[in-house]
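Colleague: I am new to this structure. Could you walk me through how to read it?

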Amino acid sequence: MTDADRQFCPYLLKAERIIGLLMIEWTSFFAGACQLLNLQIILLMIAGIFFGILCGAIPGFSASMAVVVVLPLTFSMEPLVAMVFLCSIYVAAVYGGSITAILINTPGTANSAATSFDGYPMTLQGRAGEALGLSIGASCIGGVISYGFMLVLMYPIAAFAVKFGSAEMFLLAVFGLTIIGGISEGGLSKALLAGLFGVIVSTVGISPAGSIRGHFGSPWLLDGLPTVPTIIGFFALSEMFNMLNKDFVVEGTNVKRSVKEIVKGTLKPLKSPGNLFRSSLIGTFIGAVPAAGGTIASFISYNQAKQASKDPDSFGKGNPEGVIASESSNNASTGGALITMFALGIPGSSTTAIMMSALMIQGLQPGPQLFMNQMPLVYAIIIALFLSQVVMWIAGVMFSYSLSGVLNVSTKILVPVISVLCMMGAFAIRKSMFDCVLVLIFGIIGYLMKKNGYPTIATVLGIILGPIADTNLIRTTIRFQGDYSVFFTRPICIGLLILTAAGILVPIIMRKRRESGRAS
Amino acid sequence: MKIGKYRIGLKSSTCLLVPLIMWGIVIAYMLQSRSLYSDNAMLLVRWCFYAMIIFTILSVKGDLTIQREGDIKDEPVKGNAPGGLSHETIRLFVFIVSIGVYLVIMEWLGFIITTLVFIAGMMFYLGVRSKKLMVLVPVCLTMLIYLMFDVWLSITLPVSIFGF
């Protein structure tokens, strides 16, 4: 296109800009690919994946902790080697949490909390192999889709993500909370009561405005309610209380472990391309939004999959679509978080903040400058991320097969062992016995809630999304001096309001339709 | 409870326990934060608090059973003999107390000793009688957690007054 064309045809100019954003700089791409032909990189990628899955599977041990533990090892490495190693650990740790979520209802990380909604019921139905396979397949494909976006749409996604201010973040959290409306266990009023309790409890400690709210006299609660001990208490320990009166996790059967079943399961997400793509897209975009992350992404994707399903009532009772939505979304969020980190130099999560510091220690500045000066390095990291999904698939099958042996261990051994692991997982985060006490308290409350038809999922959702909603509502109020018209004037806010309204109304309309269909 | 011709009861004996616990925690929190009640810091909490009142009423209403006196049938008494606790409840209670004791004692006796005793003790209480398992499982798990957390990941686990 000549300069004259550009001058007289603004549409052509616009199209050229869009194509420019999408285009891959092939010279740098191949230069980056060549840099990966290094045995040390491949070996460290494999080591990183195995270490990441192991850390993710330990309750309470997050991806950021896994990355920070190995950070000193990377100081003497080449920048590319170090980043491939850290990225491998990061993506594998996000996946690793799903194994224990599926097998023993104990999400290794908060990202996998939504996976246990349908993963664990599948295990109880004797379909653990299938659920584990689904989780590996969905995680890998979700990862690949998000790295695809990273390769071709890095700047537009990053530019969109940073438009999320406090008002948008508040509405995003509210949108996530609409999942509670779709929970059928125990009835709507019990679900909403449980959710509201979660939101209120999550706001303990210092508010974003600086004032100290109730903290029950404990300095450990000044920073707010820690998420991981509450999840471990509500999901894992309350399940241990239930298991006390069972002989095995899966009652009455000797679970046969089968690699074939797991491998078959890994291919099943491909039969739900719509769910897979939608969840990966949600994961990538929400992952790119600073401070949002994989947990909120997986909850929103789970809710969207439920609303789009022809059989929404089967969600929470062992529907494979639930596992696919949650897992593809939380792994896709890793790509989103890396997009914001590489393209803009903004860490989207604590893990990417640590990885950013690793890059800076290597003398590299993440952000636009990295693209100008180190384009082959960025492409090499993206290609390595694609390769890491292949390694993760193999490692995931191996880990899933090994750990599914837990189903054949008597609960008489399993219950004390898992209880100790839960306590130590909670302890590891802040090295505080107080967090272990929180696990016990929430374990008891969770057990009583389950016994009386109150969905613990609603409380956990409130505890996870409550602080995001609270912080951003206060920020919006202070910033706009109490003028809430901001929620109705900003384009992203309007979009989120429409989605929230749909999230509330669609399940009600669908339920009414089903009921009238049944009646007729 | 009897009001006129109607008898009001609960669906289960524990159904009010959960709202009571929730409200106990929420009221304690609100009382501690009462000086901030009209502040921006309690903006979301205030609305959630009002909504919680409404949904508590609706939840409790759903758990009530209202029967006319003439409609009440003699239903067989579910559960245990009067005054007695079921085996399951006792087991649960012992387990919860054991974890509580385990956490309290760990600060004095450290991770290694308390974990060995807790796992072996709980396994024995739950019915494991194999001596081999009773030794191998606690020792292996304690060693594994200690090596992984303390040695490998540099997360110092609680240490006993004896220094380990």
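Colleague: Let us start with helix packing. At roughly what angle do helix 10 and helix 21 of chain A cross?

Modeller: A caution before that: this is a predicted model. Now the pair. Helix 10 (residues 188-202) and helix 21 (residues 456-479) of chain A cross at roughly 35°. Their axes come within 7 Å. Helix 10 of chain A passes helix 21 of chain A in a right-handed crossing.

Colleague: Which residues make the contact of helix 10 of chain A with helix 21 of chain A?

Modeller: From helix 10 of chain A, they include A:Ala191, A:Ala194, A:Gly195 and A:Gly198. From helix 21 of chain A, they include A:Ala458, A:Gly462, A:Gly466 and A:Pro467. By class, this contact has 11 nonpolar, 6 polar and no charged residues.

Colleague: Now another pair. How far apart are the axes of helix 15 and helix 16 of chain A?

Modeller: The axes of helix 15 (residues 320-344) and helix 16 (residues 350-361) of chain A are 10 Å apart. The two helices pack at an angle of about 40°. That angle makes helix 15 of chain A oblique to helix 16 of chain A. Their crossing is right-handed.

Colleague: And which residues of helix 15 and helix 16 of chain A meet?

Modeller: A:Ala337, A:Leu338 and A:Met341 sit on the helix 15 side. On the helix 16 side, they meet A:Thr352, A:Met355 and A:Met356. The contact of helix 15 of chain A with helix 16 of chain A has 5 nonpolar, 1 polar and no charged residues.

Colleague: Is A:Asn105 buried or exposed?

Modeller: Count the C-beta atoms around the residue. A residue with 20 or more others within 10 Å is buried. A:Asn105 has 24, so A:Asn105 is buried.

Colleague: What is the phi of A:Gln481?

Modeller: Phi of A:Gln481 is near 50°, again a positive value in a residue other than glycine. A:Gln481 is found in the loop between helix 21 and helix 22 (486-489) of chain A. A:Gln481 counts as exposed, because 6 C-beta neighbours lie inside 10 Å.

Colleague: How many C-beta atoms lie within 10 Å of A:Met510?

Modeller: There are 17 others, so A:Met510 is partly exposed. A:Met510 is found in helix 23 (residues 491-519) of chain A. A:Pro312 is 198 residues apart from A:Met510 along the chain, and their C-alpha atoms are separated by 9.2 Å.

Colleague: Now chain B. In what order do the elements of chain B run?

Modeller: From the N terminus on, the elements of chain B run β-β-α-α-β-α-α. That comes to 4 helices and 3 strands. Chain B has 164 residues, and 21% of them count as buried. Chain B is divided into domain 1 (2-71) and domain 2 (87-152). The centres of these domains of chain B are 38 Å apart, taken over C-alpha atoms.

Conventions
Residues are numbered from 1 along each chain as its sequence is written. Chains are lettered from A and ligands numbered from 1 in the order in which they are written. This is a predicted model: local features need pLDDT of at least 70, side-chain atom pairs count only at pLDDT 80 or more; totals for chains, interfaces and linings use all residues. A residue is buried if 20 or more other C-beta atoms lie within 10 Å of its own, exposed if 12 or fewer, and partly exposed in between; C-beta atoms are placed from the backbone. Axes are lines fitted to C-alpha atoms, for helices over the stretch in contact, and angles run from 0 to 180 degrees between N-to-C directions. Angles under 35 degrees count as roughly parallel, over 145 as roughly antiparallel, 65 to 115 as roughly perpendicular and the rest as oblique. A crossing is left-handed if the near helix is turned anticlockwise from the far one by less than a right angle, and right-handed if clockwise. Two residues are in contact if their C-beta atoms, placed from the backbone, lie within 7 Å. Ala, Val, Leu, Ile, Met, Phe, Trp, Tyr, Cys and Pro count as nonpolar, Asp, Glu, Lys and Arg as charged, and the others, Gly among them, as polar. Domain bounds come from an automatic or database domain assignment.
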